[in-house]
Amino acid sequence: MRLSGKVAIITGGANGIGLAACERFAEEGAKVIMGDFDEVTGKKEEAFFKSKGLDVTFLQVDVTNLKNVTAFVTKTVELMGGIDILVNNAGITRDSTLVKMDPADFQRVLDVNLTGVFNCTKVAIPYMIEKNAGKIINTSSVSGIYGNFGQTNYAASKAAVVGMTKSWAKEFGRKGINVNAVAPGFTRTAMVEKMPEKVVDQMKSSIALQRLGDPRDIANAYLFLASDESNYVHGHVLHVDGGIIM
Ligand code: NAI
């Protein structure tokens, strides 16, 4: 098993890509903390995983709130004895063109997608530094690399995640902690399913593989970056997008 005995926090773990990652990591022997704001779904999925014999525990967290994140990480360490892997996967969209964009929606997306990543890493990293080992995986997006119509806020937040990833790779490489990002392409989750089918069809035609990603496609990339197989991969942004732009 590729993550045997490792403690992994996956934020935004109750739905979509994060949920697939909770399953893949637990299948590979990790003790998974599913951190999410959505308590109803989180508890339901925790019960489902436990019924399959997978070690997944739900803990509620709002990644935008530093005090709340501190309590969440402290509880994780109390339960599990430490943290080996942090996947900063929680993210939201509030799409509209710049002209129509409500400043509150601009701020909310930055709060979750950018400040949330800062908060979780800031609080979890001391537990990795004390072991001189760890894996941090941040979720960016194709939108953060190439920009996207109607996604001023989202693209800005996801581009900033790349900047933070590379800065942390420089800061924490000497502490034995790998820091990388994954930039998913269009992936079949609630985030994409709320888009009109016509837009989704247009997306598909721009993908070399001519299909949307499955959440497990992205979870498998997280898994690689969380495992020892990627120990010399550092400060990298792994595009998992079916070949959108090459
Ligand atoms: P999703 O909407 O299915 O799941 C996101 C999860 O984050 C939900 O469980 C939600 O409750 C949680 N969450 C939202 N705000 C939170 C907060 N303040 N604190 C804690 N948890 C919170 O989204 P999906 O599609 O699974 O996306 C996962 C990540 O992948 C996100 O960072 C997203 O931006 C990124 N991504 C997704 C793509 C897609 O096509 N689905 C494409 C590129 C990137």
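## Backbone of Two Loop Residues

N132 is found in the loop between α4 and β5 (134-139); here helices (H or I, at least four residues) and strands (E, at least two) are DSSP runs, numbered from the N terminus. Although N132 is not a glycine, its phi is positive, at about 55 degrees. Q210, placed in the loop between α8 (197-205) and α9, is likewise a residue other than glycine with a positive phi, near 60 degrees.

## Basis of the Model

This is a predicted model, in which local features need pLDDT of at least 70 and side-chain atom pairs count only at pLDDT 80 or more, while totals for chains, interfaces and linings use all residues. Residues are numbered from 1 along each chain as its sequence is written, and side-chain values use heavy atoms, with hydrogens and water left out.

## The Ligand and Its Surroundings

A backbone N or O atom of I17 lies 2.8 Å from a ligand oxygen atom, and a polar backbone atom of T187 is 2.8 Å from an oxygen atom of the ligand. At F37, a backbone N or O atom lies 3.4 Å from a ligand nitrogen atom. The protein covers 92% of the 830 Å² of accessible area that the ligand has on its own (Shrake-Rupley method, 1.4 Å probe).

## Salt Bridges

The count comes to 9 salt bridges (a side-chain nitrogen of Lys or Arg within 4 Å of a carboxyl oxygen of Asp or Glu). One of them joins E229 and R2, whose closest N and O atoms are 2.9 Å apart. E229 lies in the loop between α9 (215-226) and β7 (237-240) and R2 in the segment before β1 (7-11), so the pair ties together parts 227 residues apart in sequence.

Technical notes
Polar contact = N/O pair within 3.5 Å; in protein donor to acceptor, adjacent residues only side chain to side chain.
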